[in-house]
Amino acid sequence: MTFVVKGQKDRHRVVFKRRAMASLGARGASSSASNLVDSALHGNTRLQPSSAEASAQAGDEVVDSIFRPPIFPTMSARTARASMVPDLFTSLPPIRDLLNTQSSQIQEETIQECLPFLSGLEPGATYNDHGVPHLERNRHIQFLHKSLKKLPAPYVAADASRPWMFYWALAGLSTLGEDISQYREPLISTVRPIQNATGGFGGGNGQMSHLAPTYGIVLALAIVGGEEALDLIDRRAMWKWLAALKQPDGGFQVCVGGEEDIRGAYCAAVIITLLDLPVELPRDSPAWSGEGATLLTGLAEWVRRCQTFEGGFSGLPDAEAHGAYAFCALACLCILGDPHVMIPKYIDVPRLISWLSARQYAPEAGFSGRTNKLVDGCYSHWVGGCWPILEACLDGPSRILAVGASPRAATHSVGSLYSREGLIRYILCCCQDRTKRGGLRDKPSHSSDSYHTCYVLAGLSSAQHKWHFNTAETKTEMGGNLASPYQWTCEPFDGEVQIYNEEDRVGTLHPVFVIPEGAAEQTRAYFASKGGF
Amino acid sequence: MGKYEGDPEWDDVVPIPQDDGEGALAQIAYTDEYAEAMGYLRAVMAAKEHSERVLDLTEHIISMNAAHYTVWLYRASTIFALNADVEQELSWVNDVALDNQKNYQIWHHRQLLVDHLYPSISSDPNAIRKFAESEVDFMTQMFDEDAKNYHVWSYRQYLVRKLNLFTEAELKSIETLLRIDVRNNSAWSHRFYVVFSDPKYSTPGSHATEYDPKIPDEIIDREIEFSKAATFEAPQNQSPWNYLRGVLRKGGRKLSSQECFAGEFVKIPENGEEDIRSSHALDFLADVWAEEGKVEKADEALRLLGDKYDRIRKNYWDWRRGTLKEEGITKGLAKVELAH
């Protein structure tokens, strides 16, 4: 069936509704009291997912209640909560096809899975005035600390990707405001035996060097910072190893003899710029094509080849557009140059924005990774993280007028191109494991893990902040190759009604490196100050 | 006593224990079996040994952890060094792949095997056809589990390139998958690749988002019809809409050439309630009308999307409305300049 959809005016009515609810609250049905009401009504039994029809009807009842004084001072908690949430997040999409296929079936199931969480019907949870639960900060912190402790045998499947776990945990903990200095020493002694004399890091001791764990370790070391941590990286060997990975077509293999893909392109670019490596290519590189050939030759063109007819990016040329690869592509281009220069030069921007925007679904409100696939919390970063870069691309560079002043866009800002409110709702309502376990997840039916915890938090961070790409003054300070990614600054985003409590704002993460603001700048400055290896 | 420690065949090897560093973070409590096998692997790798027993050892480790790229790469180099039977290896890899759906490494391993095998069959069209059929059969088995498996599809694109499978059979095989689920976007993507990268007629290196003047008109027409037929089955399925836009771009045709088709799903009367059966049709028409300079109509379509039919993307639709006005102003100014 289709639903009658109310237009934009409803949006304003929703705001009005909240005020109505606040006054209602004084009579005993406030959101803080709703927990009591909930247990009185439902005991401890788990609520069955409500049908969307029920939620939609609940919303309608409340619309009525604005115009008529409430007759019952204790309206059901269920109605009270649903009323705080705009119907966009509690009702089925306005247009649905009758044809049933596997894709539509699991999409339908996902909507039904998310609706109770989005509608404020999760048992035992407390909600703010917008029907949004708190960030369970302490539980997520404990979850990430635990992920760095000794892991049981089934984690053997992560034996070749374990360095990611250092990065996910440290980036996540920093985002949550946790002091991670206690991990500096253990991280140093952990990663030292993972480095190979031939350059780069593997997945563990004795494993071949691979760009993914090398990326994870370099970022983890940048997060903990300090001379000892940074100096353990053998930069000369790293440079030679990268040269061995560079391919004649411009891209990078992920390891010697391994696959060539866009992760390789992004990870290599991150490593080259953060470690301030020379870009010259030694003659023994498979990509050496004559004097003047560098590690960067043809890289942007290679990235461009990954844009698909849909507008998104694939992991390698000719494959399907996928959210994770869109971030790799954009972030890579933003290392090679300024976003407003590089992005329009190498990619079809309108098609990309169209595809990226189509990743956000309602009512779930989170992002999916591909057309006709399901929402997943990790795309809060992979897709969500594309927006600050694209917004900066469209805005053009900002100018910092005075030290400490906020940057001013050269022209009028495009504002937000996606629904920050939607993403924040999906994250806080659907992605949190709010039990003792803590951590963040793909969707309510999935278990939390450190990968999702890191990238869901990264998405929350970018939705809560506004990034500016600033004019070149900072670049000249930085000097050297690939100085563009050090020109970003940010401020809290205040463009719309804030649906989360201020205490649930998380820290900032650099839009290109995805590590705490300042860590990339310090790392680069440290290596630049060394001058050569 | 461990499996290898007590095996006389391995008597000559001194395993190298793993150095995890002191107080290592996220240290994995390996089973004794895995720890021992890895110790022997480090030892044979250090000695650059490529032998039958290395194949057994790597098979053993992969059975415990299939996501170990080092083990896979070392196994591949051992197979090539020994000139071992590649087809036998492929059939073993099939079983591993079916048990490890999300694994990355298997597919690269498979590519290395095919690269190695190819020269021996490249001059025999029958052998190539037979090999292609058995590979497609295996992928069909994989798609039964997950028809959108990214690694399988990437491998498929590699195979099409390697074996020159820009064929009718390949298109038919995609159509079979689309008949099962017309929303399978991976299949749509693959079709785009097979149709528009066909070396028989396409421009080498033509980007997916650009016009390729060498694509014959009848191919463009055929693909337009293909996407339209699929759209009628489920108008709110975005895959064929994206495909249609991609085809029109490749063919250098205007979106407005499909105005009537998109109009099938959108009725906006002068008075009364509109009837929208596909938000993607409305999006398409907004671009058609912008292309035709009908700014007000385009703006109204975008307004409807943002306020009613695709509200989660309101900011995007509003941004499009903004660019519409900017373009309108630029066009208007151009007219004024011309008038003077």
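I call a residue buried under 20% relative accessible area, exposed over 50% and partly exposed in between (1.4 Å probe, protein chains only). By that cut-off, buried residues make up 64% of the 533 residues in chain A.

Ground rules first. This is a predicted model, where local features need pLDDT of at least 70 and side-chain atom pairs count only at pLDDT 80 or more, while totals for chains, interfaces and linings use all residues. Residues are numbered from 1 along each chain as its sequence is written, chains are lettered from A and ligands numbered from 1 in written order, and side-chain values use heavy atoms, with hydrogens and water left out.

Chain A next. I find 22 helices and four strands there, taken as DSSP runs (H or I, at least four residues; E, at least two) numbered from the N terminus.

Then A:D504, in the loop between β4 (488-492) and α22 (519-530). A:D504 is buried without a salt bridge, meaning a Lys or Arg side-chain nitrogen within 4 Å of an Asp or Glu carboxyl oxygen. The nearest side chain of opposite charge is A:R137, 5.2 Å away. Beyond four places in sequence, A:D504 touches residues including A:H134, A:R137 and A:Q464; contact means heavy atoms within 4.5 Å.

Over to chain B, where I checked B:M142 in helix α6 (residues 125-145). Why does B:M142 count as buried? Because its relative accessibility is 0%. Its contacts outside four places in sequence include B:W107, B:V152 and B:Q101. B:Q101 is 41 residues from B:M142 along the chain, yet their C-alpha atoms are separated by 7.8 Å.

How values were computed. Lys and Arg count as positive and Asp and Glu as negative; His and the chain ends are not counted.
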